[in-house]
Amino acid sequence: MNSLNDVWNEVVKVLSRDMTPTAIATWFSECEPIDIDGSCLMIRIPSDFKRNIIYSRYGGTIRQVLSDLFSADFDFQLLLPDEAASYEEHKQENDPLPEMAGYTFDRFIVGSSNKFAHAAALAVAENPGKAYNPLFIYGNSGLGKTHLLLAIGQYIREHHPEKKIEYIKGDDFTNQMVKSLKEGKAEEFRTRYRNVDLLLVDDIQFIAGKTATQNEFFHTFNNIYEAGHQIVITSDQPPMDMALLDDRLRTRFEGGLMADIQPPDLETRMAITRNKATQLGLMLSDEAVSYIAENITANIRQIEGVIKKLTAFKEILNKEITKEDVQKAIDAMRHGGDDIPSPDKIIRETARYYNITSEAVRGQDRSRIPTLARQIAMYLIRTLTNYSLNEIGAEFESRNHATVLSSIRKIEDLIKSDTRMASTIRSISSNINSN
């Protein structure tokens, strides 16, 4: 099955056989498919009146078309705008693969240094299990390997929502395997990773030298490959350079397509800088863009770190970014970020602003003020530090990264729509940087 829109277009096509174009436009033109949840198609609809009409007049036909398309009993659900928003928020918080959020092919800046890897990744996404299998992407840290890996997963999930996808980091594969053995759940672990349509493995180099892990991954690899399903792997080095990698795995990795990513050239770095700034809502002058691209040459992640710092600086002082501001941000990054605040300090200053304890911010209190303070603290840690979503979650009684991401996005939306929230963020940020 193709994308959600393809599914819905097929439904409308069948309905059109017995309805006039005017009737189709009246009842279905504003319907928007947003997800497939199990065996149910979720559709956004603008009014309760239209929802009742569709359910009563056309519900049976729609269910039959969906069941025919998927060769199984299938249902649909119509959601009003506020219901659809709640559904998507809940889905985001409970998404088994929240790592994919924001990682798409259209957000990946293509240049001479990564053109081949990008083309290979897109080919795999469009034709999984048949184009290049496995696809092995390697290169130094911070060059976009993980972005391509997750973009493949995002593309396949969007166009083939019925496919089962698993994402795992090399060291997490080891940790989960050991845990499953201790808890007597080895078979459950094997079933999870061997019976998939797409396996995405990030930083495979961490399993090298670990005999039991390599043996387990060897059988996982074989199961997926022999079933004709897709495997995509990233590493900071090619298989031939992994001295402790099992020869059986090395030959399998090298048997697919290997694509390396090199540090971006100046033109690509400038495009990446503009793109990252735009994503964070920051307008940079051509001079600032050029200065960043000329001074950060090896690592895209460092470019992102500088832009995050500039974004925070703009929010604190509420002024346009100058070349001097850019110089300060780059100098701070080069000197190890000595002025980067700790999560403890951010949480403490956020708690002080709302006159509550740090424990209340970190904890489980769901009343309005602690919840808001918690969300703000998560947003500020993400903005002012280089902490990942998982690392931020660990600061708040081990909340998962999906919850952290949802909290950050809530604050981002409030900053755009509520001047009081923007002022609050500036005040807390100023306290953090001055105390």
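**Aromatic pairs and nonpolar cores**

Phe 76 has a relative accessibility of 3% and therefore counts as buried, the cut-off being under 20%. The model is a predicted one. Tyr 55, at 31%, counts as partly exposed.

A tilted pair of another kind of origin joins two helices. Phe 221 and Phe 253 are 6.1 Å apart, centre to centre, with 55 degrees between their planes. Phe 221 is in helix 9 (residues 211-226) and Phe 253 in helix 10 (residues 247-254), so parts 32 residues apart in sequence are tied together. Both Phe 221 and Phe 253 are buried. They also belong to one aromatic cluster, whose members include Phe 136, Tyr 138, Phe 173 and Phe 189. In total, 15 aromatic pairs were counted. In the pair of Tyr 55 and Phe 76, the ring centres lie 5.5 Å apart and the planes meet at 35 degrees, so this pair is tilted. A charge also meets a ring: the charged end of Arg 248 sits over Phe 218, 3.9 Å from the ring centre.

The largest nonpolar core holds 27 residues. Trp 8, Phe 28, Leu 41, Ile 54 and Ile 62 touch the most other members. Two or more residues each come from helix 1 (4-15), helix 2 (21-28), strand 2 (40-44), helix 3 (48-70) and strand 3 (75-79). Helix 1 gives the largest share, seven residues. Beyond its neighbours within four places in sequence, Trp 8 contacts Phe 28, Cys 31, Pro 33, Leu 41, Ile 43 and Ile 62. A second, separate core has 26 residues, among them Ala 351, Leu 389, Leu 405 and Ile 411.

Technical notes: Residues numbered from 1 in each chain as written. Predicted model: local features only at pLDDT ≥ 70, side-chain atom pairs only at ≥ 80, totals over all residues. Heavy atoms only, no water. Core = buried A, V, L, I, M, F, W, Y, C linked by side-chain atoms within 4.5 Å. Buried < 20%, exposed > 50% of the residue type's maximum accessible area, 1.4 Å probe, protein only. Helix = DSSP H or I, 4+ residues; strand = E, 2+ residues; numbered from the N terminus. Contact = heavy atoms within 4.5 Å. Phe/Tyr/Trp six-rings, centres within 6.5 Å; stacked < 30°, edge-to-face > 60°. Lys NZ or Arg CZ within 6 Å of the ring centre and 35° of its normal.
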